[in-house]
Amino acid sequence: MLKVAVFNTKPYVEQYFRRANERFGHALTFLEPRLTDKTVDLARGFDGVCIFVNDLADAPILARLKELGVRLIALRCAGFNNVDLEAAEKLGLSVVRVPAYSPYAVAEHTVGLMLALNRRIHRAHQRVREGNFSLDGLMGFDMHGTPAGIIGTGKIGQIVARILHGFGCELYAYDMHPTPACQELGVRYVSLDEIYSRCFIITLHCPLVPQTYHLINAEAIAKMQDCVMLINTSRGALIDTQAVINGLKSQRIGYLGLDVYEEEGDLFFDDLSDQIIQDDVFARLLMFPNVIVTGHQAFFTHNAVSAIAETTLDNVSAFERGQCQNVLTCSLRRKTIEPSST
Ligand code: NAD
């Protein structure tokens, strides 16, 4: 039995982890704060910490965790851009993650954003509630035949490809590791520039690594079609938000769907409805009628959260037995960012 501090806990986290833990029997302590330099000392006396996407595990925090006796960092997510893996390796800290839980959850939410933006469902819902049945401004387009570009065709990108294939979209993708499953669907792997110039829908499913930081910047946006639909359910910093705002103002970007935001750490997962949002860039985004933002909920299905709890606790048990399971290493990180060949 390992003693694990579960940071950044919400009621649903506790509920699903408690239920899964009946099988594993670890000593879990649920803590509300995010892991930061200010809260790290809460980990004193624990063997491991369990953290999520917006907890911070940079080099100084990892060094402090090591001093406090922590041996295991168990990520309850797939992305690991918030953990300094080099520092963890040097300190001899093990880092494990949940590489896959339900790629369907994220892919389906991604396509949900596309459909809602295309058919203006968010605006139509408000209108009908107010007794306004006018169709002005609600015109959409057929997904069938629309060129769509998927950047990153790993587990999630592949499912997005399958769903969009079902709609009859013309599919393009960019990934340095093309997958046969996508090629069999007829997805054409092309360069990033071709994605930008050919596609009316562009959806991001690559990881956030130094090479993909602000992948969508002013230069990329300038190469896109007028009124393009841009969707990001991957990681906020794939997008230069100010450049995207400029693109929305110039109408180069006609539709924007976000489930992630670069500065989401201070916003998402909490009820801030009584507060004044201080982030002016985020507030500006919310002003556009053709933007839908959800608060990092793409993963949030019963199936995915159950699988996250199961795999995380299974990873903790494997660590206790001295086995390597879902371990993150620097070499894995390097593998995900090999230079592109397409
Ligand atoms: P994955 O590792 O299965 O696939 C990532 C793909 O991106 C791989 O095929 C890889 O070759 C490719 N890639 C790497 N660098 C690239 C680059 N520079 N350009 C283009 N492609 C590149 O990951 P996944 O499970 O499909 O998840 C994708 C991302 O989705 C994760 O990195 C994570 O950030 C995000 N995610 C978000 C949520 C959410 O709730 N919003 C949930 C889970 C995952």
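A: **Around the ligand**

Start with Asp175. In this predicted model, an N or O atom in the side chain of Asp175 is 2.6 Å from an oxygen atom of the ligand. The protein covers 89% of the 870 Å² of accessible area that the ligand has on its own.

Now turn to nitrogen. A polar backbone atom of Thr233 is 2.9 Å from a nitrogen atom of the ligand. Here the backbone of Thr233 takes part. With Asp259 it is the side chain: one of its N or O atoms is 3.0 Å from a nitrogen atom of the ligand.

Next, step back to the whole shell. The ligand is surrounded by 24 residues. Tyr101, Lys155, Ile156, Asp175 and Thr233 are the closest. So two names from above return: Asp175 and Thr233 are among these closest residues, by the cut-off of 4 Å that decides which residues count as near. What kinds of residue make up the shell? It divides into 10 nonpolar, 10 polar and four charged residues.

How far can the model be trusted? The predictor's confidence is given as pLDDT, on a scale from 0 to 100. The chain has a mean pLDDT of 94. Of its residues, 96% reach 70 or more. Residues 337-342 are another matter: pLDDT stays under 50 there. For that stretch the model has 13 contacts beyond four places in sequence.

Last, a look at charge pairing elsewhere in the chain. Side chains of opposite charge can pair when their charged atoms come close. The count of salt bridges comes to 13. One example joins the side chains of Arg18 and Glu14, at 2.7 Å from N to O. Both residues lie in helix 1, which spans residues 11-24. Arg18 and Glu14 are four residues apart, about one turn of the helix.

Notes:
Residues numbered from 1 in each chain as written. Predicted model: local features only at pLDDT ≥ 70, side-chain atom pairs only at ≥ 80, totals over all residues. Heavy atoms only, no water. Polar contact = N/O pair within 3.5 Å; in protein donor to acceptor, adjacent residues only side chain to side chain. Areas by Shrake-Rupley, 256 points an atom, 1.4 Å probe, with all protein chains shown as cover. Nonpolar A, V, L, I, M, F, W, Y, C, P; charged D, E, K, R; others polar. Contact = heavy atoms within 4.5 Å. Salt bridge = Lys/Arg side-chain N within 4 Å of Asp/Glu carboxyl O. Helix = DSSP H or I, 4+ residues; strand = E, 2+ residues; numbered from the N terminus.
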